[in-house]
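This briefing is meant for someone meeting the structure for the first time. Please keep the sequence and the 3D view at hand while reading, so that each residue can be found as it is named.

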Amino acid sequence: MEGLRGQDLSYRNFLRTSVIYNPELELHIRGDYVLREENLQKIIELRHELHEYPELSGHETHTKRRLMDFIEANTDLAVVDCGKWFYASRYVEGTRAIAFRADMDALPIDEGISLPYASRNPGVSHKCGHDGHCAALCGFGLELPELERRRSVYLIFQHSEETGAGARECASLLRERNITEIYAFHNWSGFPENSIVVRAGLCQCASTGLTVKFTGKESHASEPEKGINPAHSVALLIFEAENLCGKFTARNLWYTVININLGDKNFGMSPADAEVSLTLRTEREQDMRDFAGMIRAKASEIAHEHGLAVSFSECDYFPETVSYSDCVHRVKTAAKTLGLNVIDMPEAIRASEDFGHYTKEIPGAIFYVGNGENYPAIHTKEYDFNDNILGTAADMFTGIYKRSLI
């Protein structure tokens, strides 16, 4: 059956009403692995509503309230408001706890495409698919009452993933509630629709945003020699960042210049202030810290040589995301039980994901559900979460939970 299952409703109904023996796994595929049709329709509608009212990191007020209302109205889970985020849980005395996480925030990107549920908030849209992540976790919540009560379960609805700040706050719940493992998914384009993509070990790279500010001396544009214009220093720093990357061929280091601010369009003035912002990206946090330290040192050296003051700031810090082998095995087994195509990802994704904050605390795994090989990429105006994978993501959470009982 592997690779045959899709979102075709007749096939989903077949799974729900059948008991199929899978000799490779020596278990039965039972209908209670699969989201019921009425619940699938509920979460599709929920996903569209969330898409209409996207909110940026740290401002997910409506999104959080709508999700809390949905959980409270449709499940028997206990809902706990934690300020910027919340969790829903089913506590079973004397059992090990398992957690599943979804992120709520949107991006500062215009909608860009015509949708009946298009964003109503100008300049903000769900171009990473977090609306789908939340809807899928709600779908799992809808199925929980039908599942065996042999483990405590926590559904974490997290804020501020796009800035790397959310998981760092939410991770405190893991120790507070003695949670022993955690799972999440991300939708990903470039892989076959409804395939499950996994990788043990490093899954996504570490990154940070570094801003370097140079301060010189203003002068009239006709007498630049009387001032200290930082333009040349900015250019030198970018050139040196490239050189630093080239010196560490044994380690993967990347940088991206994402913004430069230098003066105004005033042809009579030579500016005094300049900022250059870079995203630094490495496979490991320690390498990222070392890389940032080298950029800072080089900027200080350049500033000293040119008579400039220099200062630094960092934001959007992400650790590397690592998946534990045992947890990845559980993901794979759940996927195969559902007849899904499993793909071993050959190398880590460069893009960062703050789920790494959780797996620094306890074992866990993130998996990826394929949007389609030619599906628009996340973080582009052409993208919208693929509703065809929504049921698959919810089914995977159910399957992982059921496999954790064995």
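The structure is a predicted model, and its pLDDT averages 92 over the protein, with 91% of the residues scoring at least 70. The largest pocket has a volume of about 600 Å³, while the second largest pocket has a volume of about 150 Å³.

**Confidence in the model**

- Over residues 1-6 the pLDDT stays under 50, and the model has 28 contacts beyond four places in sequence for this stretch.
- Residues 19-30 also keep a pLDDT under 50, and for them the model has 28 contacts beyond four places in sequence.
- Where pLDDT is low, predicted coordinates should not be read in detail.

**The largest pocket**

- The largest pocket is lined by 30 residues, of which Glu 162, Arg 281, Asp 316, Phe 318 and His 379 are the closest to its centre.
- Four strands, β7 (179-189), β10 (206-215), β14 (273-282) and β15 (309-318), each supply at least two residues of this lining, and β10 gives the most, with five residues.
- By residue type, the lining of the largest pocket divides into 13 nonpolar, 12 polar and five charged residues.

**The second largest pocket**

- The second largest pocket is lined by Cys 205, Asn 252, Trp 254, Glu 283, Met 345, Glu 347, Ala 348, Ile 349 and Arg 350.
- Its lining divides into five nonpolar residues, one polar residue and three charged residues.

**Aromatic pairs**

- A search of the whole structure finds 14 aromatic pairs.
- In the pair formed by Trp 188 and Tyr 368, the ring centres are 5.9 Å apart and the planes meet at 75°, so the pair is edge-to-face.
- Because Trp 188 lies in strand β7 and Tyr 368 in strand β18 (residues 364-372), this pair ties together parts that are 180 residues apart in sequence.
- Trp 188 counts as buried, with a relative accessibility of 15%, and Tyr 368 counts as buried as well, with a relative accessibility of 1%.
- Ring pairs also link Phe 100, Phe 140, Tyr 183, Phe 185, Phe 367, Phe 397 and Tyr 401 into a cluster.

- When residues up to four places away in sequence are not counted, His 357 touches Gly 164, Ala 167, Arg 168, Ala 171, Tyr 317 and Pro 319.
- Glu 52 lies in helix α2 (residues 37-52), and at 16% relative accessibility this residue counts as buried, since buried means under 20%.
- Leaving aside neighbours within four places in sequence, Glu 52 is in contact with Tyr 117, Ala 118, Ser 119, Arg 120 and Asn 121.
- Glu 52 and Glu 111, which are 59 residues apart in sequence, are 9.9 Å apart in space from C-alpha to C-alpha.
- Leu 202 belongs to strand β9 (residues 201-204), and at 8% relative accessibility Leu 202 counts as buried.
- Between Leu 202 and Asn 252, which are 50 residues apart along the chain, the C-alpha atoms are separated by 13 Å.

**Positive phi values in two loops**

- Ser 160 has a phi near 50°, a positive value in a residue other than glycine, and its place is in the loop between β6 (152-158) and α5 (166-170).
- At 5% relative accessibility, Ser 160 counts as buried.
- Asn 178 has a phi near 55°, which is again a positive value in a residue other than glycine, and its place is in the loop between α6 (172-176) and β7.
- Asn 178, at 59% relative accessibility, counts as exposed, whereas Ser 160 counts as buried.

Definitions and conventions:
Residues are numbered from 1 along each chain as its sequence is written. This is a predicted model: local features need pLDDT of at least 70, side-chain atom pairs count only at pLDDT 80 or more; totals for chains, interfaces and linings use all residues. Side-chain values use heavy atoms; hydrogens and water are left out. On a 1 Å grid over the protein atoms alone, a cavity is a set of points where a 1.4 Å probe fits but cannot get out, and a pocket is an open set with protein on both sides within 12 Å along at least five of seven lines; lining residues have an atom within 4 Å of a point. Grid points are joined across faces, edges and corners, and a volume is the space filled by probe spheres set on the points. Ala, Val, Leu, Ile, Met, Phe, Trp, Tyr, Cys and Pro count as nonpolar, Asp, Glu, Lys and Arg as charged, and the others, Gly among them, as polar. pLDDT is the predictor's confidence in each residue, from 0 to 100. Contact means heavy atoms within 4.5 Å. Rings of Phe, Tyr and Trp (its six-membered ring) pair if their centres lie within 6.5 Å; planes under 30 degrees apart count as stacked, over 60 as edge-to-face and the rest as tilted. Buried means under 20% relative accessible area, exposed over 50%, partly exposed in between (1.4 Å probe, protein chains only).
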